[in-house]
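Take a look at the model first, then read on.

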Amino acid sequence: MTTLRVVVGGAVCDRGRLLAARRSAPPALAGRWELPGGKVEDGETPEQALARELREELGVEAVVQERIPGEWVLRPGFVLRVWTARLLSGEPRPLQDHDELRWLLPGEEGQVDWLDQDRPAVDEAMRRLVATATVGRPRS
């Protein structure tokens, strides 16, 4: 029986925006955009792995929040699972695997070329941002 390797992605949200990260490697993925994250290591929970990956890749401390339902096959034996995350400290910088970062407001997610596997989670993260933004807003 083959065990699946879990790759975690972070829908990092701050001030009503979602963070997108442009891949710099490998060549087949370079130039396309993703939610930052990486592989879960032995002895880590997915949430611990995501917090570590955000620290290593972006230089930020973040609190991992809710899992976005679903999982997406990256390649045989590897699946992507995504959690929402909120910044605690630091300003994201592309330290590893990325050459550019961009904050996107709801409705702007189509401005970048997302990796196919990330699109469903990006769509759900944006739906959540819109729902959060409209809560508590006075009716006109």
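A polar contact here is a pair of N or O atoms within 3.5 Å; within protein, one must be able to donate a hydrogen and the other to accept it, and residues adjacent in sequence count only if both atoms are side-chain atoms. This is a predicted model, where local features need pLDDT of at least 70, side-chain atom pairs count only at pLDDT 80 or more, and totals for chains, interfaces and linings use all residues. Residues are numbered from 1 along each chain as its sequence is written, and side-chain values use heavy atoms, with hydrogens and water left out.

**Glu57**
- Glu57 sits in helix α1, residues 46-58 (helices are DSSP runs of H or I, at least four residues; strands are runs of E, at least two; both are numbered from the N terminus).
- The Glu57 side chain gets to the backbone nitrogen of Gly37 at 3.3 Å.
- Contacts of Glu57 include Pro36, Gly37, Arg93 and His98, leaving out residues up to four places away in sequence (contact means heavy atoms within 4.5 Å).

**Arg52**
- Arg52 counts as buried because its relative accessibility is 15% (buried is under 20% relative accessible area, exposed over 50%, partly exposed in between, with a 1.4 Å probe and protein chains only).
- Its side chain makes a polar contact of 2.6 Å with that of Glu44.
- Arg52 also touches Lys39 and Glu41, again skipping residues up to four places away in sequence.
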